[in-house]
Amino acid sequence: MSERVLFFPWGWGGGAAYTGRCLVLASALAEAGDEVAFADCGITAMVREAGFPVLASEPEAPSPPDRHPMPPFLPFADVERVFAVAATYHRAERVRQRIAADTRLIEEFRPTLVVIDMCPTAALAARARGVPVVSLADADFVTPRANGWMPWSTVAPRDLLPHPSSLPVWDAVSRELGLGPVERAEHLLWGEVTLVSSLPGLEPLEGPPHRGALHYVGPMYWNPVRPVDGPPPPRTGLPRVYVTIGSGGTVGRLALQNVLDACAGQPWSVYVSSGFAFEGGLKAPDNVVVAGFTGLDTPLEWADVVVSHGGSATVLATLTHGKPSVVMPFMSEQEMNGRQLVADTGAGVLLRTSETTPRGRLAFRDRYSGPSDSACVPVDDIRRGIADVLADPAFTAGAARWGELLRACRASTDLAALARSAVAVGAEAGR
């Protein structure tokens with residue numbers, strides 16, 4: 001029997017990884033004969049390019065301006081802070097508005113299964129209508145430990161980002177829907193089936209599942225179906241450096257220029273995926289080729305070392321290809337990926353770490369130059385990090401070990417079957 005599956009990727013300032021994971025599962029389900037559609041959230045251009053329909057949602061009313069400024073490095077200590085700060089879900093009217101919009105899409109499409117990636121309102125809307133939920137997640141989305149996105153922090157999450165808590169709103173709305181209390185924001189992201197795009201050896205999850213079954217399924221990342229946006233990676237006999245630091249913002253532009261400056265005059269061939277945000281204004285040296293939105297597989301197959309922001313999809317894809325990383329994070333979860341998936345595995349170097357002070361401030365330390373109050377990792381540290389990884393084959397060997405395990409897990413996993421198993425779980429729970 002085929003299913004009708006409606007996807008809700010996170011769309012509040014998130015990168016392409018959330019939408020990309022949904023596209024990986026959507027493709028597997030469509031190939032298995034299911035009817036698939038996406039809610040109008042996430043990066044809809046990626047969805048339309050992949051050939052899946054996007055259901056238009058009602059436009060949201062403007063949100064009042066927030067009194068709390070956003071720092072250049074985002075210290076999200078857990079998913080509750082992401083919900084409260086990125087989506088302003090500490091405002092009850094916004095949560096109710098979003099749940100109502102998600103409910104209308106569910107009633108319009110009438111899915112037998114809803115898939116979320118970091119989208120709590122859709123999970124509540126689906127359960128209130130008796131529709132089972134599959135959750136695509138990083139392990140830190142659903143972890144029971146405190147400071148799940150920033151476990152090295154020694155202060156409370158609101159000491160770092162003082163927006164009001166969203167938890168009372170989630171609890172009240174969940175009770176209104178007849179779904180019971182919400183004790184932790186992480187509980188909203190557990191599905192009847194939860195799929196973690198990693199390995200337990202890389203990202204262990206402490207404690208039993210809060211709801212349903214949890215499966216580690218190996219890497220889930222999406223490549224565009226169109227050709228590479230811009231020139232392909234160059235043919236070269238020089239060491240090959242691939243650069244991808246995510247999308248956007250003033251800090252991102254400055255950071256990318258620092259990477260280009262670090263590569264200037266070096267005996268390397270450098271290929272840059274600049275994504276959607278950097279259409280011009282970069283000063284690229286002669287040994288650098290700048291492309292646009294390229295996807296990951298083509299440049300990763302080409303590279304000897306990868307310089308990235310530490311996004312989950314990027315780091316896991318890099319490991320899957322057995323390539324070492326140089327990570328320069330712009331937020332706490334990226335730093336954690338650099339610590340856990342790169343530094344701890346011996347698969348590369350992390351250029352910047354943070355620590356929390358008793359007053360709820362962040363102190364940064366760059367790998368080579370020490371304490372720093374700069375918004376970006378300096379040019380010399382980037383250059384030394386790339387040179388060190390290129391010079392030491394142990395980093396490549398560390399990445400290759402995990403790459404073999406990730407590829408094996410992905411090859412042995414039936415994503416469609418795991419997702420469809422949520423329907424049976426939901427039917428059993430409804431009896």
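Is C119 buried or exposed? C119 is buried, with a relative accessible area of 9%. Here, buried means under 20% relative accessible area, exposed means over 50%, and partly exposed lies in between (1.4 Å probe, protein chains only). The model is predicted: local features need pLDDT of at least 70, side-chain atom pairs count only at pLDDT 80 or more, and totals for chains, interfaces and linings use all residues. Residues are numbered from 1 along each chain as its sequence is written, and side-chain values use heavy atoms, with hydrogens and water left out.

The cysteines come next. A disulfide is a covalent bond between the sulfur atoms of two cysteines. The cut-off used was a pair of cysteine sulfur atoms within 2.5 Å. A search of the whole structure found zero disulfides. C41 takes part in none, and its nearest cysteine sulfur, that of C119, is 5.3 Å away. C41 also counts as buried, at 17% relative accessibility.

Helices and strands were taken as DSSP runs, numbered from the N terminus (helices: H or I, at least four residues; strands: E, at least two). Strands of a sheet pair through backbone hydrogen bonds, either parallel or antiparallel. Two strands were counted as paired if DSSP found at least two bridges between them. Six strands form an open sheet, in the order β10-β9-β8-β11-β12-β13. The pairing is parallel. β10 (288-291) and β13 (348-350) stand at the edges. Each has a single partner strand, so one side of each is left without a neighbour in the sheet. Neighbouring strands are turned by 15 degrees against each other on average, direction ignored. For such angles, axes are lines fitted to C-alpha atoms, for helices over the stretch in contact, and values run from 0 to 180 degrees between N-to-C directions. Helix α11 (residues 332-343) packs on the sheet and touches β12 (325-327) and β13. The direction of α11 makes about 150 degrees with that of β13. Contact means heavy atoms within 4.5 Å.

Strand β8 (residues 240-244) is mostly covered, with four of its five residues buried. Four bridges join β8 to β9, in parallel. In this pairing, V241 stands opposite V270 in β9. Four bridges also join β8 to strand β11 (residues 305-308), again in parallel. Here T244 stands opposite S308 in β11. Strand β9 (residues 269-273) pairs with β10 in the parallel sense over four bridges. V272 has V290 in β10 as its bridge partner. S269 lies in strand β9. At 7% relative accessibility, S269 counts as buried. Leaving aside neighbours within four places in sequence, the contacts of S269 include P234, V241, N287 and W302.

Helix α1 (residues 16-31) has 16 residues. It reaches 22 Å from its first C-alpha to its last, close to the 22 Å expected at 1.5 Å a residue. The expected span is 1.5 Å times one less than the number of residues. Among the buried residues of α1 are Y18, C22, L25 and L29. Just after α1, G33 takes a positive phi of about 100 degrees.

Aromatic rings were examined last. Rings of Phe, Tyr and Trp (its six-membered ring) pair if their centres lie within 6.5 Å; planes under 30 degrees apart count as stacked, over 60 as edge-to-face and the rest as tilted. The count comes to eleven aromatic pairs. Y18 and F141 form a stacked pair, 6.3 Å centre to centre, with 20 degrees between the planes. Y18 lies in helix α1 and F141 in the loop between β5 (133-137) and α6 (157-160), so the pair ties together parts that are 123 residues apart in sequence. Y18 and F141 are both buried. Elsewhere, ring pairs link W10, F83, Y89 and W170 into a cluster.
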